[in-house]
Amino acid sequence: MMKPEMKGIHVVATGHYAPGNVVTNDDLSKIVETNDEWIRQRTGIERRHFTEGEKNSDIAYKAAKMALEKSGIDVNDLAALVVATFSPDYFVPSVACILQRELELPTDMPCFDLNAACSGFLYAIQVARGLLLQSRKRYALVIGSEVISKVLDMDDRGTCILFGDGAGAAVIELDETKKYFSYLGAEGNEEYIYCPNADEEKRKVHMDGAKVFKFAVSTVPKCINGVLEESGLSKDDIDYFVCHQANKRIIESVAQRLDIPMEKFYINLQEYGNTSAASIPIALSEMEEKGLIKKGMKLICVGFGAGLTWGGALIEW
Ligand code: COA
């Protein structure tokens with residue numbers, strides 16, 4: 001019998017959704033003292049999407065529906081639904097439970113949210129894989145979905161320009177022919193980035209940008225090297241690196257440190273800003289839509305964020 005640790009995952013289908021309200025850098029410059037040139041140069045971000053009246057579960061629904069329809073699976077074959085988010089509709093019920101009803105999923109499966117901030121999707125994939133190893137059912141639905149605009153301090157130009165709303169989803173199954181390695185970590189820290197559990201008015205993201213930047217440029221190489229070491233692969237074996245989309249300068253610094261050409265890093269932060277747990281699945285779904293990822297390609301995805309948390313995963317398409 002195949003050892004559990006040998007079983008990789010196959011991404012059967014992906015989906016994504018970004019709300020229609022596009023907020024440009026110029027739009028933000030009317031609210032806070034900033035300008036398009038500064039934001040582009042310091043972050044690479046050009047616009048982001050903010051929800052207007054849509055809840056987290058509404059946008060997660062759209063990404064999930066797209067992934068489920070593309071996959072063609074019978075939802076009765078789902079073993080689990082895991083939603084990575086730090087910006088749910090409610091403390092309870094979870095976004096996942098709301099989606100169970102809205103997507104008409106069977107009731108005999110676990111549906112829950114998981115909070116690992118911007119590393120959430122990679123945590124969720126690893127948890128879903130663990131659940132699949134215990135299940136007789138074949139598939140899991142994994143979603144990263146965020147409505148960060150609701151917790152942005154629009155007076156703080158150091159944070160409000162960085163984030164956006166969006167959702168990405170993937171249907172996965174176990175597949176012993178695929179390579180999969182996961183490298184996850186966490187370290188308690190409320191200093192670099194936090195969002196207090198307070199009245200709505202005070203529930204805003206606070207961040208020390210410079211400290212987060214330093215953390216990111218050392219953590220992403222650590223995750224990439226961790227995955228390469230575990231898998232016995234070299235950086236040249238990897239077709240794409242899909243990093244959490246926080247700041248283009250972070251990705252450029254990682255490419256330089258690891259001597260990997262920038263063309264191997266997928267970048268879409270110019271369109272969405274930082275969508276936290278949604279950024280990696282949105283990128284994967286877009287890459288699939290553009291025909292960039294083909295069967296057999298090897299990807300390393302890397303997330304990092306509040307917690308602090310981090311994660312890397314080798315996914316063979
Ligand atoms: N528009 C114009 N000026 C701005 C600005 C904005 N939106 N935000 C900050 N500034 C100003 C600062 O006030 C500062 O002015 P000063 O020199 O007069 O004091 C100057 O620009 C430089 O600020 P600094 O914070 O040093 O800029 P930076 O190059 O470090 O960029 C971030 C700031 C936030 C873009 C950057 O630190 C960053 O991206 N950090 C990581 C954040 C992140 O990824 N968070 C999510 C993790 S999941």
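User: How are H3 and H4 oriented to each other: roughly parallel, roughly antiparallel, roughly perpendicular or oblique?

Analyst: This is a predicted model, in which local features need pLDDT of at least 70, side-chain atom pairs count only at pLDDT 80 or more, and totals for chains, interfaces and linings use all residues. Residues are numbered from 1 along each chain as its sequence is written, and side-chain values use heavy atoms, with hydrogens and water left out.

Two packed helices are described by the angle between their axes and the distance between the axes. Axes are lines fitted to C-alpha atoms, for helices over the stretch in contact, with angles running from 0 to 180 degrees between N-to-C directions. Helices (H or I, at least four residues) and strands (E, at least two) are DSSP runs, numbered from the N terminus. Here the axes of helix H3 (residues 56–71) and helix H4 (residues 95–102) come within 10 Å and cross at roughly 55°. H3 and H4 are therefore oblique to each other; angles under 35 degrees count as roughly parallel, over 145 as roughly antiparallel, 65 to 115 as roughly perpendicular and the rest as oblique.

User: Which residues of H3 and H4 meet?

Analyst: Contact means heavy atoms within 4.5 Å. On the H3 side are Asn 56, Ser 57, Ala 60 and Tyr 61, which meet Val 95, Ile 98, Leu 99 and Glu 102 in H4.

User: How many aromatic pairs does a search of the whole structure find?

Analyst: Rings of Phe, Tyr and Trp (its six-membered ring) pair if their centres lie within 6.5 Å; planes under 30 degrees apart count as stacked, over 60 as edge-to-face and the rest as tilted. The search finds two such pairs. One of them joins Phe 241 and Phe 265, stacked at 5.2 Å centre to centre with 25° between the planes. This pair links distant parts of the chain, 24 residues apart: Phe 241 is in strand E11 (residues 240–243), and Phe 265 is in the loop between helix H8 (248–258) and helix H9 (269–272).

User: Is Phe 241 buried or exposed?

Analyst: Buried means under 20% relative accessible area, exposed over 50%, partly exposed in between (1.4 Å probe, protein chains only). Phe 241 has a relative accessible area of 0% and is therefore buried. Phe 265 also counts as buried, because its relative accessibility is 5%.

User: Where is His 49 found?

Analyst: His 49 belongs to strand E3 (residues 47–50). At 9% relative accessibility, His 49 counts as buried.
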